[in-house]
Amino acid sequence: MLWRPIAITRPASTHVLEGEPIAMKGFTVIEMVVALVIAAVLAALAYPSYQEYVQRGNRADGYGLIVQVVNAQERFFAEELTYTEDLTDLGYSSDENVSSDDGNYLVSAAACGGGTIADCVVVTGVAQGAQAEDGNLSLDTRGVTTGNW
């Protein structure tokens, strides 16, 4: 055999000072794009659940104040034999629209529908800001609730 095929190879990259081969490190563009797409899909799935969790947590802010006002109404009724729409009678700084601790609800009191203030009072928390899409909460002295209790 007179001729023999020879393999043409490229010499490995070497470090200039030490003469050692350099290993190629890092990610390709495709790998980075795939990782970003996976992260985006996970975020898109997780964000609505997170928002629902935050709304449920903020709802507790409204529950607390509404129940507190209803309890104060019951104490007031025990002394006066009537309920009140004026929340200053119950020790609050405002006569209506008392803000919850985190500001997610404005709470007010009114006579129940079909009755007088002497018979029944409904305490309503009107959702504020981002909580507004969750809706309002109300509780009356008969134990009837509306909203996402």
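Hi everyone, let me start with a term: buried means under 20% relative accessible area, exposed means over 50%, and partly exposed is in between, with a 1.4 Å probe and protein chains only. By that scale tyrosine 63 is partly exposed, with a relative accessible area of 22%.

A word on the ground rules. This is a predicted model, where local features need pLDDT of at least 70 and side-chain atom pairs count only at pLDDT 80 or more, while totals for chains, interfaces and linings use all residues. Residues are numbered from 1 along each chain as its sequence is written, and side-chain values use heavy atoms, with hydrogens and water left out.

The structure holds 3 aromatic pairs; rings of Phe, Tyr and Trp (its six-membered ring) pair if their centres lie within 6.5 Å, and planes under 30 degrees apart count as stacked, over 60 as edge-to-face and the rest as tilted. In one of them, tyrosine 47 and tyrosine 50 have ring centres 6.5 Å apart and planes at 35 degrees, so that pair is tilted. Tyrosine 63 and tryptophan 149 have centres 4.8 Å apart and planes at 20 degrees, so this pair is stacked. Tyrosine 63 lies in helix H1 and tryptophan 149 in the segment after strand E5 (145–146), so the pair ties together parts that are 86 residues apart in sequence. Helices (H or I, at least four residues) and strands (E, at least two) are DSSP runs, numbered from the N terminus. Tryptophan 149 is partly exposed too, at 37%.

Now, what does aspartate 134 meet in a salt bridge? The partner is arginine 59, at 2.7 Å, N to O. The rule asks for a side-chain nitrogen of Lys or Arg within 4 Å of a carboxyl oxygen of Asp or Glu, and the count comes to 1 salt bridge. Aspartate 134 sits in the loop between E3 and E4 and arginine 59 in helix H1, so parts 75 residues apart in sequence are tied together. Both aspartate 134 and arginine 59 are buried.

Finally, the core. A nonpolar core is a set of buried Ala, Val, Leu, Ile, Met, Phe, Trp, Tyr and Cys residues joined through side-chain atoms within 4.5 Å. The largest one has 19 residues, and Ile66, Val69, Leu87, Leu90, Tyr92 and Val123 touch the most other members. Helix H1 (29–80) and strands E2 (105–111), E3 (121–127) and E4 (137–140) each supply at least two residues, with H1 giving the most, 6 residues. Beyond its neighbours within four places in sequence, leucine 90 is in contact (heavy atoms within 4.5 Å) with Val69, Ala72, Gln73, Phe76 and Thr84.
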